[in-house]
Amino acid sequence: MNLNDLITKFSSTKESQRKAIFSTLFIAENKLQTLFDNHIPEVSLKQFMLLSIVRQSKEELTFTQLGNLLGCSRQNIKKLADVLVKKGFITIQQSPHDTRGMCIYLEEKANDYFQNDFSKYQDELKYLFEVYTDEEIETLFILLSKLYTGIENLEKKGDLGR
């Protein structure tokens, strides 16, 4: 079975399309992570995403806040952060706003990484989206933003089929 066969199979009903979208999100995440992890040196995709969120934030974020943003636990953020400390990308310090919280601060190595190493790969990321028109990019952005609302609805439901 190839991709076109799957698309045809899942296009017949709304229920099938929902299942296909859910599966596609999972498969796309795995493929992107594998591509990124195999192609970009020194940091994994998850480590990169953590660095990116810290870099883009205008305020200090605790491990818990970062976990909420990245869709994982505080403990997962701690594991990612520990590796990034060892690699010299970040330091971890107590939050200035919450004595129980720990925050991540970028080191010069992280700034150098974004300016020098990662900038080479930003052009390659354009290949991911070159199949879309500008209007399709805008629509995809809106639809993916709405997906977060659906995820929040699922989180509020809480029992996930129990």
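User: How do I read a salt bridge here, and which residue pairs with Lys109?

Analyst: A salt bridge is a side-chain nitrogen of Lys or Arg within 4 Å of a carboxyl oxygen of Asp or Glu. Lys109 forms one with Glu42; their closest N and O atoms are 2.8 Å apart. The pair links distant parts of the chain, 67 residues apart. Lys109 sits in helix H6 (residues 108-117), while Glu42 is in the loop between H2 and helix H3 (45-56). Helices here are DSSP runs of H or I, at least four residues; strands are runs of E, at least two; both are numbered from the N terminus. This is a predicted model: local features need pLDDT of at least 70, side-chain atom pairs count only at pLDDT 80 or more, and totals for chains, interfaces and linings use all residues. Residues are numbered from 1 along each chain as its sequence is written, and side-chain values use heavy atoms, with hydrogens and water left out.

User: Are Lys109 and Glu42 buried or partly exposed?

Analyst: Start with the cut-offs. Buried means under 20% relative accessible area, exposed means over 50%, and partly exposed is in between (1.4 Å probe, protein chains only). Lys109 has 34% relative accessibility, so it counts as partly exposed. Glu42 is also partly exposed, at 40%.

User: How many salt bridges does the rule give?

Analyst: The count comes to four. One of them joins Glu15 to Arg18, with the closest N and O atoms 3.1 Å apart. Another joins Asp82 to Lys78, at 2.9 Å.

User: Where do these two pairs lie?

Analyst: First the general idea. An α-helix has 3.6 residues a turn, so residues three or four places apart point the same way. Glu15 and Arg18 both lie in helix H2, three residues apart, about one turn of the helix. Asp82 and Lys78 both lie in helix H5 (residues 74-86), four residues apart, again about one turn. Arg18 is exposed, at 52%, whereas Glu15 is partly exposed, at 42%. Asp82, at 27%, is partly exposed. Lys78 is partly exposed as well, at 33%.

User: Which residues of H5 are buried, and where do they fall around the axis?

Analyst: Ile77, Leu80, Ala81 and Leu84 are buried. To judge a face, take the arc of the directions from the helix axis to the C-beta atoms. Seen down the axis of H5, the buried residues fall within an arc of 100°, so they line one face of the helix. The face turned away from that buried side carries the exposed residues Lys79 and Lys86.

User: Which residues of H2 are buried?

Analyst: Ser16, Ala20, Gln33 and Phe36 are buried in H2.

User: How is a surface patch defined, and which residues make the nonpolar one?

Analyst: Patch residues have over 30% relative accessible area and no salt bridge. Like charges are joined within 9 Å, and nonpolar side chains (Val, Leu, Ile, Met, Phe, Trp, Tyr) within 5 Å. Areas come from the Shrake-Rupley method with a 1.4 Å probe; for residues, only the protein chains shown count as cover. Here Leu32, Leu35, Leu128, Phe129, Val131, Tyr132 and Ile137 make a nonpolar patch of about 630 Å². Helix H2 (14-39) and helix H7 (119-129) are the elements that give two or more residues to the patch. Leu128 is in H7 and is partly exposed, at 40%.

User: How many disulfides does the structure hold?

Analyst: A disulfide is a pair of cysteine sulfur atoms within 2.5 Å. The structure holds zero. Cys72 is in no disulfide; the nearest cysteine sulfur, that of Cys103, is 15 Å away. From Cys103, the closest cysteine sulfur is in Cys72, too far for a bond. Cys72 is partly exposed, at 25%, whereas Cys103 is buried, at 0%.

User: What pattern does the chain follow overall?

Analyst: Read along the sequence, it is α-α-α-α-α-β-β-α-α-α. That comes to eight helices and two strands. The C-alpha atoms fill a box of roughly 55 × 40 × 30 Å, taken along the principal axes. Of the 162 residues of the chain, 20% count as buried.
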